[in-house]
Amino acid sequence: MKKIFLILALGAMVASCSPDENSGGSLDDGKTRVTLDFEGAYWDALIDNPQYNGELLYKQEGYSWYDEATDLYSTVNELWYTAAYWNGGLAVSNYYTTDYTTATSFMEQLTVFTEGAHSGNNCIVHNGYKCDMMGDARSVLQFKTEAGFIESAWVAHTAYSYSSAVQGNDMADALTAEQSIWIEAKGYTLDSEGKEVEGNAVQLYLYENGKASFDGWKKWDLSTLGKVNKVKFDVQWNGEGGADKFMHPAYFALDDITVVKE
């Protein structure tokens, strides 16, 4: 994998990006693709331990990461005067299990319900959703310097969210045969004053009619979002009461995010 250098507030660190899995960074359409795979020492250093209330995600201001090759950047949200993962964000993880009954609480919030990452060792885990009661806790994936195209990403369940969906938790019952949970990715551009302009949205079902929609890693086509400055990820459901009554864990994992370079 190609090595690149990244510069953040923490200093210069080495990270890795990989070309498109099908062909050295380009396909027959002539476009160049770069895939962010979250591999390398830089990303390893962003994995918190413990998974909940650790030093990185909760006890320092502004957990964030940046990948120079794709120009993708993310930071935890600041809500209620604090910047922490419980306010929504995208956290690097290398925690995995094939037995969801071993990770059924927020204490294992970064544990992905797979044998491992889609590629390599690491991925990222989304937390957060938007509701009137608590505010906008959607995670944000953005291009740091200029708008770009996100073509696709790979998605997996987390063990905590999966266990809640199939057997319930202290806050919510298991999903019924009429209930579904899905991710919405919504694109945004910026106008001449730097204000967000809402664009296209793409949905992917995590659970449909009470059952998981897929196992392992699933490729998600994000190309219809078009050219964007940022994408906001929300977790939604069709249960009674809408977002304000959504008590299931709003987590999912992402890996191998592919950007088309102009």
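These are my notebook entries on what I looked up in this structure.

**Basis.** I worked from a predicted model, in which local features need pLDDT of at least 70, side-chain atom pairs count only at pLDDT 80 or more, and totals for chains, interfaces and linings use all residues. Residues are numbered from 1 along each chain as its sequence is written, and side-chain values use heavy atoms, with hydrogens and water left out.

**Entry 1: helix H3.** I took helices (H or I, at least four residues) and strands (E, at least two) as DSSP runs, numbered from the N terminus. I called a residue buried under 20% relative accessible area, exposed over 50% and partly exposed in between, using a 1.4 Å probe and protein chains only. Helix H3 spans residues 159–167, and seven of its nine residues are buried, so the rest of the structure largely encloses it. The buried ones are Ala 159, Tyr 160, Ser 161, Tyr 162, Ser 163, Ser 164 and Ala 165. I then looked up what covers them, and found that the cover includes strands S10 (111–112), S17 (196–208), S18 (211–212) and S22 (251–261). Just after H3, Gly 168 takes a positive phi of about 80°.

**Entry 2: the sheet.** Two strands pair if DSSP finds at least two bridges between them. I traced an open sheet of seven strands in the order S4-S5-S14-S21-S16-S17-S18, with antiparallel pairing. Strand S4 (64–67) and S18 stand at the edges with a single partner strand each, so one side of each has no neighbour in the sheet. S17 and S18 pair over two bridges, and Glu 208 has Lys 211 in S18 as its bridge partner.

**Entry 3: aromatic pairs.** Rings of Phe, Tyr and Trp (its six-membered ring) pair if their centres lie within 6.5 Å; planes under 30 degrees apart count as stacked, over 60 as edge-to-face and the rest as tilted. The count by this rule is 19 aromatic pairs. For Phe 113 and Tyr 162, the ring centres are 4.6 Å apart and the planes stand at 45°, so I recorded the pair as tilted. Phe 113 lies in the loop between S10 and strand S11 (123–127) and Tyr 162 in helix H3, 49 residues apart. Both Phe 113 and Tyr 162 are buried. Tyr 129 and Phe 246 form an edge-to-face pair, 5.2 Å centre to centre with 85° between the planes; Tyr 129 and Phe 246 are also both buried.

**Entry 4: cysteines.** I searched the whole structure for disulfides (pairs of cysteine sulfur atoms within 2.5 Å) and found zero. Cys 123 counts as buried at 0% relative accessibility, and Cys 131 counts as buried at 7%.

Notes: Contact = heavy atoms within 4.5 Å.
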